[in-house]
Amino acid sequence: MTDVAAETPEADPFARLRAMTPARVALGRSGPGLPTDAMLAFQRDHALARDAVHAAFDPESVATQLAGLPTVIVASRASDRAAYLRRPDLGRRLAEADRARLDPGDWDLVIVVADGLSATAAHAHAAPLVLSLGARLPGWRIGPVVLASMARVALGDEIGGRLGARMVLMLIGERPGLSAPDSLGAYLTWNPAVGRLDSERNCVSNIRPPHGLGYGAAADALCWLMTSARTLGLTGVALRNDEGLAWSVGNTPPLA
Amino acid sequence: MFVTTLSGQRFVFDDLKTLLARATPARSGDELAGVAATSHAERVAARWALAGTPLRLFLDVAVIPYEADEVTRLIFDSHCPEAFAPVSHLTVGGFRDWLLSEAATDDALAALGPGLTPEMVAAVSKLMRNQDLIAVASRRRVVTRFRTTVGQAGRLAIRLQPNSPTDDPREVAAAIIDGLTYGCGDAVIGVNPAGDSLAASIDLLRLIDDLRLRHAIPTQSCVLSHVTTTLAAVEHGAPVDLLFQSIAGTEAANRGFGIDLALLAEARAATLSLKRGGDQVCYFETGQGSALSAGGHHGVDQQTLETRAYAVARAFDPFLVNTVVGFIGPEYLYDGKQITRAGLEDHFCGKLLGLPMGVDVCHTNHAEADQDDMDVLLTLLAVAGVNFVMGVPGADDVMLNYQSTSFHDALYVRKVLGLRPAPEFEAWLASLGMVGEDGLVLPHVGGAALLDFAP
């Protein structure tokens, strides 16, 4: 988290505190202020998070990583990043011009890859996760991967609905934290249609190896959710990981 | 209907809530809700019309119908006409002039509080510049007590916020110890749990309470779980000092939080029954935009709704009220200017209604704000007499993923303005040799002793 040189416990009694937590403890003082190194480390991490928020989504690069899987590129109604940040309602609806690009089909699952609040996360982690998922779902009818820019989680509802998908999986960049500018979230929604509530989704968050959840573990978690959703015919609060598996799943998306 | 003419242009506002919304300083949340003024001229025209509106009108017209909303019923049913009498003849503009005058002493403002509705207070705040909000609020000292006394003139308390992404007791303890070395923690040691499980909340309560008792720290603890979790913790015999809950200004938004007034009353009574420190046992958090976010805004602007949340808080005689001003994101408060304005409004409005206001001076990474903006708002609020602010290690909350104020920020603002910790806490720090006669934490003193606190 910081570039402050590690010191031995003897030289620095606060090293013990620092080793106990990822929080920015035992930073030292310059008068009442922060020492220069600690101040600049914070500014570096804030800069990375800010750049992740404003990074332009490059769907072509994700398509390339998907190694020949069929893809469709769409955008929301938010015209630019400033509009996207101010008007979450626009980010939840498809651009008029892109509606015709999504033909109804017979799909068990449609996966959407979206920038959300961190295109950096989508660029880094979405394609490997999609490939991990595909390998775990033999026999499933999986639609084209939709690459969506200026998107909020709920844009997946309209996309999945137009494609006639029985469920939609939204892989979207989460709001960057100072220590995690590239965290990917995965939101699963059964029977997608405009107007679904957040309480009708399940999410697996903090997908960002090597610091957060790995692709294999995330894919395992999502496959469990998708298989359960297909069995029960629902997602959301009624579908929870009560088996004590080594991952957490929630139904509220606080950070995307 | 309200009509005003500005340089030959005629503006019409259909009703009181529309007038209030159009008069509000620009912010993205009101634009998102579709209630904001659509031009600068319309905004000022609305302020002219609002300035000429009698305060009495607010006792005849509800911005959200009485029948439809229990917060409205609380506001009207608890209004005190005798307290209102000194200003009952004034317009909103005249009320601003009165507030700025010598007549508005701390005592006069304290006596007036029960006579004011949140909508009156929100209305006058919309006519006030930032310096007005600071000048009036700085006169109003709202002092509350649990194990420490918070809100006295010349003092600034800090909520120590030792959050951990996994509720790891060692991580929480490390952040508490670090914060104590900077003289933070006198408002409360309050941790936001990562999950909302009863077992995790009880573990955290015991951890902080053990630390407090072992070292005789005169402060109080809080785990910021949902009120139902805290209620269950009380029933399980956990050491609950303060009852926490996020609250909003409409019945619908509160329902989105899973609460109503009856539940708050029940939980407060249960917490009071423990008799652990005093009769002021509630800690509430609020923030502009929460009602719109929950789909419960009724077409009312977010600042008026925020002030209505203070009417909810007022009904439960809280120890601390904290507006988490920049947490909600840029779709409600877009940039540093809007966050600054909102923080000063919330503090002023809360104080006028008699609340022990603190402010989480904060921002997210997708807002147009940075630490320079936080420095400005922190300094302005300390000048305005804010009761407490947050202390987060390095300003970086590693669990909630946002930036607040740090232990260092507390050192800075206490030093430049000569503000001391809460008196009981200052005496404890002095007993450890950590503070000088001015109440300020000495450089490089005391920390090593506190390291022995580590588990």
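Between chain A and chain B of this predicted model, 13 residue pairs are in polar contact, both partners having pLDDT 80 or more. Several helices of chain A take part in this meeting of chains: H1 (15-20), H2 (36-54), H4 (81-86) and H5 (88-91) each supply at least two residues of the side that touches chain B. H2(A) gives the most to that side, with 6 residues. Sorted by class, the side of chain A that touches chain B has 22 nonpolar, 7 polar and 9 charged residues.

Now let's look at the whole interface. The contact takes 38 residues from chain A and 46 residues from chain B. The size of an interface is often given as the accessible area lost when the parts come together. Here, the area buried between chain A and chain B is about 3,600 Å², and carbon and sulfur atoms give 60% of that area. Across the interface there are also 3 salt bridges. One of them can be found by looking for Glu368(B) and Arg50(A), whose closest N and O atoms are 3.1 Å apart.

Two packed helices are described by the angle between their axes and the distance between the axes. For H17(B), residues 302-314, and H18(B), residues 336-352, the axes come within 10 Å and cross at roughly 35°. This crossing is right-handed. On the H17(B) side, the contact is made by Gln303(B), Glu306(B), Thr307(B) and Tyr310(B), while H18(B) brings Glu345(B), Asp346(B), Cys349(B) and Gly350(B). By class, the contact of these helices has 2 nonpolar, 3 polar and 3 charged residues.

A cis peptide bond joins Pro209(A) and Pro210(A), and Pro210(A) sits in the loop between strand E6 (201-207) and helix H9 (215-232). Ala67(A) has a positive phi, although this residue is not a glycine. Ala67(A) belongs to the loop between helix H3 (59-65) and strand E1 (71-75) of chain A.

Here are the backbone angles side by side:

| Residue or bond | Angle and value |
|---|---|
| Pro209(A) and Pro210(A), cis peptide bond | omega about 5° |
| Ala67(A) | phi near 50° |

Technical notes
Residues are numbered from 1 along each chain as its sequence is written. Chains are lettered from A and ligands numbered from 1 in the order in which they are written. This is a predicted model: local features need pLDDT of at least 70, side-chain atom pairs count only at pLDDT 80 or more; totals for chains, interfaces and linings use all residues. Side-chain values use heavy atoms; hydrogens and water are left out. Axes are lines fitted to C-alpha atoms, for helices over the stretch in contact, and angles run from 0 to 180 degrees between N-to-C directions. Helices (H or I, at least four residues) and strands (E, at least two) are DSSP runs, numbered from the N terminus. A crossing is left-handed if the near helix is turned anticlockwise from the far one by less than a right angle, and right-handed if clockwise. Contact means heavy atoms within 4.5 Å. Ala, Val, Leu, Ile, Met, Phe, Trp, Tyr, Cys and Pro count as nonpolar, Asp, Glu, Lys and Arg as charged, and the others, Gly among them, as polar. Buried area is the accessible area (1.4 Å probe) that two parts lose on being put together, summed over both. A salt bridge is a side-chain nitrogen of Lys or Arg within 4 Å of a carboxyl oxygen of Asp or Glu. A polar contact is a pair of N or O atoms within 3.5 Å; within protein, one must be able to donate a hydrogen and the other to accept it, and residues adjacent in sequence count only if both atoms are side-chain atoms.
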